[in-house]
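Open the model in your viewer and keep the sequence panel beside it. The tour goes from selection to selection.

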Amino acid sequence: MLMAYASVAAFFLVAIGFILGSLLFGKLLRPNNMYPGKVETYECGEAPVGPAWFNFNPRFYIIALVYIIFDVEIAFIYPVAAVFKRWVDQGNGLFALIEIFLFVAILMLGFVYVWAKGDLDWIRAIKGDPRGAQNVSSRSRARAPLLDARAGEGAPAGQAGQAAVADGGAES
């Protein structure tokens, strides 16, 4: 009985021997002269700019994962939809319908979870941030409100004329 698996074991031993032999052969042949230019980070033939570690926004990753999940859902539902009529003729239509409904319900539950968690919001509010959801990056800080140009007091030079032009008047 075990002899039936002897060919499989021999195949695995040959495969492992090939891998180890290739690694050893490569180690013996390749040069081993490390210098700063060789161990430098490679960026498509260009000299690296800035550090290799930077703060990556995970929103791109999360949106891509949600897309892939729902894209794979279609790949799983399509075969069932293709044979659904045959299953109805065989008397298994209700089972297939319930199966697909549960599959979609579980995916929708995950979708609602991601939505409720706020991972689909492109601009997310930071808890405790008094500026709210609209101003979460340093580039979009709230600016001081412009004073009314007609009041005339406290407006820096040039702002009074800009406000008048915006209201349809001529700049003075």
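**Ground rules**

This is a predicted model, where local features need pLDDT of at least 70, side-chain atom pairs count only at pLDDT 80 or more, and totals for chains, interfaces and linings use all residues. Residues are numbered from 1 along each chain as its sequence is written, and side-chain values use heavy atoms, with hydrogens and water left out.

**Whole chain**

Select everything and colour by secondary structure. The protein has four helices and zero strands. Helices here are DSSP runs of H or I with at least four residues, strands are E runs of at least two, and both are numbered from the N terminus. The order from the N terminus is α-α-α-α.

Now colour by accessibility. Of the 172 residues, 9% count as buried. Buried means under 20% relative accessible area, exposed means over 50%, and partly exposed lies in between (1.4 Å probe, protein chains only). Among contacts between residues at least 6 apart in sequence, 34% join residues at least 24 apart.

**Helix H1**

Select residues 6-29. This is H1, with 24 residues. From first C-alpha to last it reaches 34 Å, close to the 34 Å expected at 1.5 Å a residue. The expected span is 1.5 Å times one less than the number of residues. How many residues of H1 are buried? The count is zero, and H1 is hardly covered.

**Helix H2**

Select residues 59-90, which form H2. Its 32 residues should span 46 Å at 1.5 Å a residue, and its end C-alpha atoms are 46 Å apart, which agrees. Zoom in on Phe84, where H2 bends by about 50°. That bend is the angle between axes fitted to the seven residues ending there and the seven starting there.

Show the buried side chains next: Val66, Glu73, Ile77, Val80 and Val83. H3 is among the elements that cover them. Step just past the end of H2 to Gly91, which takes a positive phi of about 90°.

**Helix H3**

Select residues 93-117. H3 has 25 residues and reaches 36 Å between its end C-alpha atoms, close to the 36 Å expected. Gly93, Ala96, Leu107 and Val114 are its buried residues. Their cover includes H2. Just after H3, Gly118 has a positive phi of about 95°.

**The H2 and H3 pair**

Show both helices together. Their axes come within 10 Å and cross at roughly 170°. Axes are lines fitted to C-alpha atoms, for helices over the stretch in contact, with angles from 0 to 180 degrees between N-to-C directions. H2 is therefore roughly antiparallel to H3, a label for angles over 145 degrees.

Display the contact side chains. On H2 they include Phe70, Phe76 and Trp87, and on H3 they include Ile100, Phe103 and Met108. By class, the contact has 18 nonpolar, one polar and one charged residues. Ala, Val, Leu, Ile, Met, Phe, Trp, Tyr, Cys and Pro count as nonpolar, Asp, Glu, Lys and Arg as charged, and the others, Gly among them, as polar.

Click Phe111, in H3. At 26% relative accessibility, Phe111 counts as partly exposed. Which residues does Phe111 contact, leaving aside neighbours within four places in sequence? They are Phe70 and Leu120. Phe111 and Val66 are 45 residues apart in sequence, yet 8.0 Å apart in space, C-alpha to C-alpha.

Last, click Leu97, also in H3. Leu97 is partly exposed, at 49% relative accessible area. Leu97 and Val80 are 17 residues apart in sequence and 9.2 Å apart in space, C-alpha to C-alpha.

Definitions and conventions:
Contact means heavy atoms within 4.5 Å. Angles under 35 degrees count as roughly parallel, over 145 as roughly antiparallel, 65 to 115 as roughly perpendicular and the rest as oblique.
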